[in-house]
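Please have the sequence and the model open as you read.

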Amino acid sequence: MTKVALLTALIALVSQLLGFTREILVAKYYGISYITDAYIVSVVSPTILMGFIASGLASVFIPKYIKLQHDNDVRSANLYTSNLILILLLLGTLVAFCCYYFSGSVIKLFAVGFSSQAGELADILFHITILSSPFILINVIYIGYLQIKGDYIYASSVLIPSHLVSITFVIISYLLNSYIVLAVGYLVGILTQFLLLSIKSNKYKLFQGVSSPKITNEIKDTYFLALPVMIGASVNQVNYIFDRTMASTVGDGAISIINYSSRISSIIEVVLITTMVSLFYPKISEAINCNIKKFNVLLNEVVLILILITIPCSFYIYYYSVDIIDFIFGRGEFGVDQVKSTASILSIYGLAIPFVALKMILNKVSYAFGKTKIPTIISIFCALTNITLNYLLVDKFGLSGIAFATVISTFLSAFILLIYLFTFDNVKLRLVFLSVLVCIVFIDAFFSVMLVEYLQDIIDINIPIILKLSLVVVSFVMFFCCTGYFWIKNTIDNNNTLILQRFSNVK
């Protein structure tokens, strides 16, 4: 299972990099302009609109299928799945039709401050991308179905050809000087994913014996159970929409700046933080039920590792934001001023990375204890805080105000969840130990940057950012081995169990 998890994480990394390559090409060919704003809104809109439904169904479908398979047989579970897919096809088509007809209102929802030129282009592109709605919903069920069957690798890898198709269409769009091709590429990419998932799923005779969709009791129960999850998951979507809506009031290109800068920080979050939390989560869930001492060791261990990963990443992104943006986007239509504007927002978003990690693991711990109500309430409260801060800060600080609002609301969410965690019985998070570790890691990250910058001044050569970041990481490891490592190694809990240890050694 560990090998599968690591391979899945590697595929996720490749997928993220390909998706990022598409963003780089769009930035290279079209810079930061009303064109990229219109493209981003037209692509994001169907994903967000369907995300409200998909997030709830994704969390309910797998346990429902397994229960049906256990209580009845595989055929009954497959019949339930095929009925659900056909109903989602109808529902997605209905949503697509309504959004197609009221496209102007949908665009205003996502970008109320668009200029007439940007709004018209976004409307044209949206008429194409919204056709992907039913396939986005169905793909979520297909992926869950393949995961049940044990095809984790295939379910994760279908995003790779989808991204390759999108990248190809971005290049064609530039060569033909046709913006419509951008939207067509997105639609074809979703259809490619749908086709690959359909072929694999049908090998398990998924639609055998199905003639027409039927709203069975299982289907009704699925939507009933999914509704509260949809409400909770929709909070992040509302935040996303509101940030982009407020950005659109700043001017043309503002949404692109927010998107490009947040995209870089999200790669760290998806590839490093999500992967690490996913590896620990099953063991934490198991330990809660059978060995609370092991749970506390694992909890402190995962927080320790996240501190070691996120604080240096956050500091390096903040310090080298201009170099990072220039290396990734600084070509073609993406000029010097655009590099500086995007870098300033990236440096702010980078500050949120440690809080995102803490928030993610604390949410998982709450879910492992079977407590989902309070985390949802906290998410709603922090979403309202983000919206309020956006209103207060955007007029005075522009896009920086939007980024600061995100950082502050993320910090509040993590802080309140941390306080909530201490209401749980038998949870022992070593705050003094972890606080000292934070200070050590921050100081080591600071001195690693200073050392590399000092070496650059001595040799009087402008070191490329990739080599510079590599040297910084090596320097950090060297400093940490001289300071924090031995302190951690000699810090043991009451039962002489090391805080930092391999999973296999946790007793």
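Helix 8 and helix 9 run roughly antiparallel to each other, because their axes cross at roughly 160° and angles over 145 degrees count as such. The model is predicted.

**Helix 8 against helix 9**
- Helix 8 spans residues 159-176, and helix 9 spans residues 180-202.
- Their axes come within 8 Å.
- The crossing is right-handed.
- On the helix 8 side, the contact includes Leu159, Pro161, Val165, Phe169 and Ile172.
- On the helix 9 side, the partners include Val181, Gly185, Tyr186, Val188, Gly189 and Leu196.
- The residues of this contact comprise 13 nonpolar, 7 polar and no charged.

**Ser262**
- Ser262 sits in helix 11, which covers residues 254-290.
- A polar atom of the Ser262 side chain lies 2.8 Å from the backbone oxygen of Ile258.
- Beyond four places in sequence, Ser262 touches Arg244 and Tyr349.

**Ser265**
- Ser265 also belongs to helix 11.
- The Ser265 side chain reaches the backbone oxygen of Ser262 at 2.9 Å.
- Setting aside neighbours within four places in sequence, Ser265 contacts Leu346, Tyr349 and Ile353.

Technical notes. Residues numbered from 1 in each chain as written. Predicted model: local features only at pLDDT ≥ 70, side-chain atom pairs only at ≥ 80, totals over all residues. Heavy atoms only, no water. Axes fitted to C-alpha atoms, helices over the stretch in contact; angles between N-to-C directions. Helix = DSSP H or I, 4+ residues; strand = E, 2+ residues; numbered from the N terminus. Parallel < 35°, antiparallel > 145°, perpendicular 65-115°, else oblique. Left-handed = near helix turned anticlockwise from the far one by under 90°. Contact = heavy atoms within 4.5 Å. Nonpolar A, V, L, I, M, F, W, Y, C, P; charged D, E, K, R; others polar. Polar contact = N/O pair within 3.5 Å; in protein donor to acceptor, adjacent residues only side chain to side chain.
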